[in-house]
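Dear colleague,

Please find below the structure that I am handing over to you. My notes on what was found in it follow directly after.

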Amino acid sequence: MLPKCPAPSKASGKEVKRLKATITLQKKVELLDMFREKKNFAAVTHHYSINESTLRYIQKNEAAIRRTVSSSFHETAKNVSDVRNKYIVRMESALALWINDCRKK
């Protein structure tokens, strides 16, 4: 049986984490418009230097992106988010409090 190779040590802390690149909503809308004009994944991904899977994910969420941009748009916004109902948030916090109380008992 062969000896196992030791796993590389990350304890040194010298490795720098790669920052995740994000695309602003404005860029996403431009990207979607360009895709509608050309109908070619390869040309759009090459122009914006992104992966094809990223473009497909953006295209899948096109309706939500366009809805967010049309309703309230901020130039530096990067994420699509939905506003949650305040009653649901209040109910969830009350439920969490009840569950914690039951666990203590």
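Lys28, Leu31, Leu32 and Phe35 of helix H1 are in contact with Leu55, Ile58 and Gln59 of helix H3, where contact means heavy atoms within 4.5 Å. The residues of this contact comprise 5 nonpolar, 1 polar and 1 charged. In that count, Ala, Val, Leu, Ile, Met, Phe, Trp, Tyr, Cys and Pro are nonpolar, Asp, Glu, Lys and Arg are charged, and the others, Gly among them, are polar.

Please note that this is a predicted model, in which local features need pLDDT of at least 70 and side-chain atom pairs count only at pLDDT 80 or more, while totals for chains, interfaces and linings use all residues. Residues are numbered from 1 along each chain as its sequence is written, and side-chain values use heavy atoms, with hydrogens and water left out.

How the two helices are arranged

Two packed helices are described by the angle between their axes and the distance between the axes. Here the axes of H1 (residues 25-38) and H3 (residues 52-60) come within 10 Å and cross at roughly 95 degrees. The axes are lines fitted to C-alpha atoms, for helices over the stretch in contact, and angles run from 0 to 180 degrees between N-to-C directions. H1 and H3 are therefore roughly perpendicular to each other, a description used for angles of 65 to 115 degrees, whereas those under 35 count as roughly parallel, those over 145 as roughly antiparallel and the rest as oblique.

The chain as a whole

The protein chain has 5 helices and 0 strands; these are DSSP runs numbered from the N terminus (helices: H or I, at least four residues; strands: E, at least two). Of its 105 residues, 19% count as buried, that is, under 20% relative accessible area, with exposed meaning over 50% and partly exposed in between (1.4 Å probe, protein chains only).

The core

Which residues touch the most other members of the largest nonpolar core? Of its 14 residues, they are Leu31, Val44, Tyr48, Ile50, Leu55, Ile58 and Ile65. Such a core is a set of buried Ala, Val, Leu, Ile, Met, Phe, Trp, Tyr and Cys residues joined through side-chain atoms within 4.5 Å. H1, helix H2 (41-48) and H3 each give two or more residues to this core, and the largest share, 6 residues, comes from H1. Leucine 55 is in contact with Leu31, Phe35, Phe41, Val44, Thr45 and Ile50, leaving aside neighbours within four places in sequence.

In helix H4 (residues 62-71), the buried residues are Glu62, Ala64, Ile65 and Thr68, and their cover includes H1 and H3. Arginine 66 is also found in H4 but is partly exposed, with a relative accessible area of 24%. Not counting residues up to four places away in sequence, arginine 66 touches Val29, Leu32, Asp33 and Arg36.

Serine 49 lies in the loop between H2 and H3 and, at 65% relative accessibility, counts as exposed. Most residues other than glycine have a negative phi. Serine 49, although not a glycine, has a positive phi of about 55 degrees.

Yours sincerely
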